Amino acid sequence: MNKEKFKSGFVSIIGRPNVGKSTLMNQVIGQKIAIMSDKPQTTRNKIHGVYTTDNSQIVFLDTPGIHKPSSKLGDYMMKVAHSTLGEVDAILFLADVSEGIGGGDRYIIEQLKNVKTPVILVLNKIDQVHPEELLPIITTYKDLHEFAEIVPVSALLGNNVNTMLEQVVKYLPEGPQYYPADQITDHPEQFVCAELVREKILHMTREEIPHSIAVAIEDMKVEKNGVVHISAVIYVERDSQKGIIIGKQGSLLKEIGKQARHDIEALLGSKTFLELWVKVKKDWRNQERVLRDLGFRNE
């Protein structure tokens, strides 16, 4: 490998909520590091995914979906999303072709007009539309902004994702390999484990629960027999929510633990004992100290 030609850089994935940003990240990395849910605004922190080849390394930032905030947590999420735009070498703007262009997409495009960073438009979910429908959609977006590239993909199925990666590398500068070739994220394992627990709760609950929860790993250690022992706390805002997550005779909490443990064992490559507790922190989303304790640092 000619190290003089090695290219590396940072790329932000942005888009309105629920367009498939986390799905794309996981498809590129080849392993689940960002949680997926059919509920919007499930990504709360910048997730750093690292994709390395012989000639390049792309560090992806999967930001919270851009939306109008309704709490201090929402404000934090928006600042995280906006702050990445000026920090990166390229921006992937993800849009959902199955829903058509909406007010959220137009709002983001207006924000992008003030950014000098190259923007690659990634039209996601092409598996859900007829190929003949794509051209007019592309034309609509072209009329709104001068994108560096436009790449239709299916993040779920992996269609055209390699082409997208080739386009990204074109806009990266020559640079060092920031992370070892086998490293796929810069987040500690505890963070990813907590996110996997949160994902299961999002899948199994409805209505008020999804955005009222946070998960913190209180203890994580490897026993002498090689089993990883994890103790995690699920925080909710009200007593009624605690009851919902625990379920009848603890049935829902048990199922959450069972499914999360399966993913955690795949992540760690080790047998895992997962202990879950549910605690009430009233109105935690609007308490700055609690947000900091749970890892939401507005830097």
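## Terms and model

Buried means under 20% relative accessible area, exposed means over 50%, and partly exposed lies in between (1.4 Å probe, protein chains only). This is a predicted model, where local features need pLDDT of at least 70 and side-chain atom pairs count only at pLDDT 80 or more, while totals for chains, interfaces and linings use all residues. Residues are numbered from 1 along each chain as its sequence is written, and side-chain values use heavy atoms, without hydrogens and water.

## Confidence

The protein chain has an average pLDDT (the predictor's confidence in each residue, from 0 to 100) of 80. A score of at least 70 is reached by 77% of the residues. Over residues 35-45, pLDDT stays under 50. The model has 55 contacts (heavy atoms within 4.5 Å) beyond four places in sequence for that stretch.

## The Phe 10 pair

Three aromatic pairs turn up in the whole structure. Rings of Phe, Tyr and Trp (its six-membered ring) pair if their centres lie within 6.5 Å; planes under 30 degrees apart are stacked, over 60 edge-to-face, the rest tilted. Phe 10 and Tyr 178 have ring centres 5.1 Å apart and planes at 55°, so this pair is tilted.

The pair links distant parts of the chain, 168 residues apart. Phe 10 is in strand E1 (residues 7-14). Tyr 178 is in the loop between helix H5 (161-170) and helix H6 (189-204). Helices (H or I, at least four residues) and strands (E, at least two) are DSSP runs, numbered from the N terminus. Phe 10 is partly exposed at 24%. Tyr 178 is partly exposed at 42%.

## The Phe 93 cluster

Phe 93 and Tyr 141 are both buried. Their ring centres are 6.5 Å apart and their planes at 70°, so the pair is edge-to-face. Ring pairs link Phe 93, Tyr 141 and Phe 147 into a cluster.
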